[in-house]
Structure formats: C-alpha cells, structure tokens
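Subject: Structure handover

Hello,

Here is the structure I promised to pass on to you. Please open it next to this email, and my notes on what turned up follow below.

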Amino acid sequence: MSRTIRRGRSLAAALLLPLGLAVLAGPGRGVAGDPDYVPTEDPAHPRIRYADSLVSLNDRCAVRQGKLSTTYAPVYVNGRPIGFC
C-alpha cells in the first residue's frame with residue numbers, strides 16, 4: 001500500500017472519529033446541566049427548567065397537547081424559552 005493511500009485513510013479516520021462519537025453520545029445525554037422537569041399543579045404536564053436556569057413558558061405541546069420533551073432545544077421568544085414535544 002502506498003504512503004499516500006495510508007495517509008488519506010488516517011486523515012479520514014481522524015476526521016470521522018469525533019463525528020462518530022458525537023452521534024453515539026446522542027443529543028445532550030450525560031452533560032451537566034441537562035433540562036429537568038419542574039412540577040406544576042397538573043402532574044401530567046410539567047414545565048422544563050433548562051441549563052440556563054430559565055423555565056419554559058408553556059407546560060404542554062401547542063399542537064398535540066402532550067408532555068414537553070427534554071430532548072429538544074427550546075426556542076427563545078423575547079428571551080423566554082418555549083419547549084417542544
């Protein structure tokens with residue numbers, strides 16, 4: 001095997017390794033400051049406290065009326081987080 005091919009393979013492996021590890025880790029798993037549920041009067045629909053310490057304005061999904069999910073990043077409207085399901 002020539003040197004050029006080996007060098008190209010090692011470069012490709014060096015570039016793809018961090019990407020593969022990020023995919024295996026998943027979205028935000030195991031990171032300090034993960035979003036957490038905040039209890040409300042309705043236990044089926046808690047609000048979410050995000051890593052920046054702000055609590056979601058909504059307590060349920062606007063379309064399905066289901067529980068908010070901590071796996072989706074919020075959208076900030078006027079500096080306040082809106083959660084998704």
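Let me begin with charge pairing: the side chains of Arg 60 and Asp 59 meet in a salt bridge, 3.3 Å from N to O. By salt bridge I mean a side-chain nitrogen of Lys or Arg within 4 Å of a carboxyl oxygen of Asp or Glu. Salt bridges that share partners join Asp 42, Asp 59 and Arg 60 into one network. In general, side chains of opposite charge can pair when their charged atoms come close.

Before going further, a word on the source: this is a predicted model, in which local features need pLDDT of at least 70 and side-chain atom pairs count only at pLDDT 80 or more, while totals for chains, interfaces and linings use all residues. Residues are numbered from 1 along each chain as its sequence is written, and side-chain values use heavy atoms, with hydrogens and water left out.

A search of the whole structure finds two salt bridges.

**Overall layout**

The secondary structure comes to one helix and four strands, running α-β-β-β-β from the N terminus on. Helices (H or I, at least four residues) and strands (E, at least two) are DSSP runs, numbered from the N terminus. Of the 85 residues in the protein, 16% are buried. The protein exposes about 6,400 Å², with carbon and sulfur atoms supplying 62% of it; accessible areas come from the Shrake-Rupley method with a 1.4 Å probe, and for residues only the protein chains shown count as cover. Among contacts (heavy atoms within 4.5 Å) between residues at least 6 apart in sequence, 24% join residues at least 24 apart.

**Lys 67 and Tyr 37**

What does the charged end of Lys 67 sit over? The answer is the ring of Tyr 37, at 4.3 Å from its centre. The criterion is NZ of Lys or CZ of Arg within 6 Å of the ring centre and within 35 degrees of the ring normal. Lys 67 is found in the loop between β2 and β3 and is partly exposed, with a relative accessible area of 43%. Not counting residues up to four places away in sequence, Lys 67 touches Tyr 37, Ala 44, His 45, Pro 46 and Cys 85. The C-alpha atoms of Lys 67 and His 45 are separated by 5.2 Å, although the two are 22 residues apart along the chain.

**Other residues in the loop between β2 and β3**

Leu 54 is also placed in this loop, and at 31% relative accessibility it counts as partly exposed. Leaving aside neighbours within four places in sequence, Leu 54 is in contact with Ile 48, Arg 49, Tyr 76, Gly 79 and Pro 81.

Two backbone angles deserve a look. Ser 53, in the loop between β2 and β3, has a positive phi of about 75° although it is not a glycine. Gln 65 lies in the loop between β2 and β3 and has a positive phi of about 60°, again without being a glycine. For background, most residues other than glycine have a negative phi.

**A nonpolar patch**

Tyr 72, Val 75, Val 77 and Phe 84 make a nonpolar surface patch of about 360 Å². Patches are made of residues with over 30% relative accessible area and no salt bridge: like charges are joined within 9 Å, and nonpolar side chains (Val, Leu, Ile, Met, Phe, Trp, Tyr) within 5 Å. Val 77 lies in strand β3 (residues 75–77) and is partly exposed, at 43% relative accessible area.

Technical notes:
Buried < 20%, exposed > 50% of the residue type's maximum accessible area, 1.4 Å probe, protein only.
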